[in-house]
Amino acid sequence: MQPPLLMVPQHNAPEAVAPAPAYYTPAPAPASPTVELGDLGRILLRRRVLILAVTALLTAVTLVYTMLTPALYSSTAQIIVDPEDLQVVTNDVNPSRISPDGGITQVESQVSVAQSNGVLLRAIKATNLTEDPDFNGQGVLGRWIGKLFGDNDSDRTATTLDSLRRVLAVKRDDKVLVLNIIITARSPQKASDIANAIATAYLADQADARKDKAAKASEAITARLDEQRKRVEQAENAVEAYRSQHNMVMAQGNLVSDQELTGLNAELTAAQARTQQLKAQVDQLRRQGSATDATSEATRSSTISSLRAQEAALVDQIAQLGTGLGPRHPSMIAAQQQLRDLRVLIQRELGRIVTAAETDYERSLANQQALQAKVAALKSKSLDTDQASVRLRELQRDLEAVRTVYANYLQRAQETREQTNVDSTNARIISEAMPALKKSWPPKGLLVFGAVFGGLALGIGMALIAEYLSPTVLSANQMQSAIEAPVLGVLPGRGRRRSGRAGGVAQKTDAVAGLALQRIAAATRRPPDWPLVPSILVASPPEDKTQRSRVAWQLANAAAARGRRVLFIDINAGKGQKDPQPGVLDVLRGEYPLDAVSRYAPGSSVALIGRGRPAAVFQEAQALYFAHRMLAEANRSFELVVVDGGALADDLNVLPLVAMADEILLVARLNATPMRDVASTSEAVSVMGRLPTGAMLVDEAA
């Protein structure tokens, strides 16, 4: 007979929500991050199908693109730009100064010049690209429409220019002054022709730009020549007018009076020197007296020399006659008379020399005095013109300055005019573009390589996003944070493995289950006289049914293997059968005792109880009482009760067992069980008045 309801123990009182056993103290769980770095590998492994599918799809799309995309070919023409310009004439319009960076900035600016409209339009005209359908944007249909309705040349040129810019690349290599003009086209020959045309157009544009610059400079300077010429004329007229006003006659750039004064000074100096010389001669002749013939003037006189020679001959003749004839001989007397006459002539000639010297001295002195008078008169006149000369010199300086400027302008105009006819371009083509032997696009190998790794990256990203949108249990720490209870162990899965490893997996599974039982025993603080048998209820989300049943059965077997008598209650056994055997539901309704519904599994020391018949509905308070009585009866025959509680959120009949269980373990699969299902199962346990006391994880990848 059923005992009265008041006999139900206080902790099993028939309440809507039953309390936990009085001795139970939940173990605190350490908080940890939601996802750890080591969990990424598990996420990627579990979602490998998505990653591989994205990679395969992207690779396939890339392969289709490479097969359908027309091949493109690239050709390169190289131009070297020398920062030092070609010096054809001095004072060049284009300076050759090198910037401090070695001309790199100058060459960088030429990159933009090579892509300018002027250069490209020259190349378009040279290659007739406006008629090329690859560049003018007109196919066969477009050309017929253009012929019917008229074609706008300006629109076609603009379209061609835009198309050319899309296939053009101008680059400068590092640390060099070389421009690379790269053209990509469908034809190798067309690419090389256009690249060479742009290089040639660039050089022509540079030459024309320099010529235009020189021509403009020449025109500007020439326009200033007339003004400078007028200024020179005005300055010359001012000088001439001032001279005429002040009677200042100029000769060879100097005043005539100044030149005359200078000449007279020179003549006066020479006259003074001449007078001094003649005076010295006269003084010498006067001092010699009768010995005048010893002077230098007498010695230099040819007449004196001739007379002296004759005198010497007569003296010799007399000496000879005196020896042979005697002093009285007529010949002797005649010779002596000739000698006396000859000496008289010599004296007369010496007198004439003295007289001539005195005459020359007097004449030179008179000339000197006359020159001195003239110099004195000119000096007096020069003093009168000195004040006027100051202003004249100022006007002359202005005239010379204006003339210098005019001469410079004239020379510069001629130089710049000549530069328009000379090509001083400082660039040249060092490598002409050649038709490419290999296509530059699409690079099939590179694209496929990029597609594979890009697909992997995209797939990994999508896998992580999918994991973020629908997170799963990734690690023990994450599970502990979710249910605020410790994870007692991680069982290896029973996937397809080689037979050689089956024994090792079984041993590991048994060891993990045994360790979990020891942890449960160490964490439980049961009074020594507690009347109920220790019990463990295992629950899980609905999709983890197989893993839950395996964990529950493994715990029972592990306890039995260690010599403990175990009762295994499977709340799902017989569920859905038309005529099930009596089970735990019948015991909870008080219709059967525990011994009548339990049986031992074949070849096992574990007693089994199934679900039973669910037809009759029992009251919750009565079910709590009979659950208490069932565990009290089981305490006499068993040492541990393991309950496979199923999915708690779907079966409220498990409430009495949840209320009476010492330990409530949640089972989840690593990298498979969604966190929302773990949360819903934990919430179901909370609704039933309890909290999960631990968890067991199953790693199917182990």
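Student: What makes the span of helix α8 close to the expected one?

Tutor: This is a predicted model. In it, α8 covers residues 188-245 and has 58 residues. The expected span is 1.5 Å times one less than the number of residues. That gives 86 Å, and α8 reaches 86 Å from its first C-alpha to its last.

Student: Where does α8 bend, and by how much?

Tutor: At Leu225, by about 25°. The angle is taken between axes fitted to the seven residues ending there and the seven starting there.

Student: Why is a set of residues called a nonpolar core?

Tutor: Its members must be buried residues of the listed kinds, joined through side-chain atoms within 4.5 Å. Buried means under 20% relative accessible area. The largest core here has 48 residues. Met479, Leu537, Leu567, Val584 and Leu648 touch the most other members.

Student: Which residues does Leu567 touch?

Tutor: Leaving out residues up to four places away in sequence, Leu567 touches Leu594, Ser598, Ala607, Ile609, Ala634, Phe638, Leu640, Val641 and Val642. A contact needs heavy atoms within 4.5 Å. There is also a second, separate core of 30 residues, with Leu120, Ala185, Ala195 and Ala199 among them.

Student: How much of the protein chain counts as buried?

Tutor: 40% of its 702 residues. The cut-off for buried is under 20% relative accessible area.

Student: Why is one space called a cavity and another a pocket?

Tutor: In a cavity a 1.4 Å probe fits but cannot get out, whereas a pocket is an open set. The structure holds 2 cavities of 30 Å³ or more. About 50 Å³ of space lies in the largest cavity. The largest pocket has a volume of about 250 Å³.

Student: What lines the largest cavity?

Tutor: Ser535, Leu537, Ile569, Met630, Leu631, Val641, Val643, Leu657, Met660 and Ala661. The elements giving two or more residues to this lining are β8 (535-539), α19 (620-637), β12 (640-646) and α20 (655-660). Leu537 also belongs to the largest nonpolar core.

Student: Which residues line the largest pocket, and which helix gives the most to that lining?

Tutor: The lining includes Arg42, Leu45, Arg46 and Arg48, along with Leu670, Asn671, Ala672, Asp699, Glu700 and Ala701. Helix α1 (residues 39-46) gives the most, with 3 residues.

Student: How many helices and strands does the protein chain have?

Tutor: It has 21 helices and 14 strands. Among contacts between residues at least 6 apart in sequence, 83% join residues at least 24 apart.

How values were computed. Residues numbered from 1 in each chain as written. Predicted model: local features only at pLDDT ≥ 70, side-chain atom pairs only at ≥ 80, totals over all residues. Heavy atoms only, no water. Helix = DSSP H or I, 4+ residues; strand = E, 2+ residues; numbered from the N terminus. Buried < 20%, exposed > 50% of the residue type's maximum accessible area, 1.4 Å probe, protein only. 1 Å grid on protein atoms, 1.4 Å probe; cavity = no way out; pocket = protein on both sides within 12 Å on 5 of 7 lines; lining within 4 Å. Points joined across faces, edges and corners; volume = space filled by probe spheres on them.
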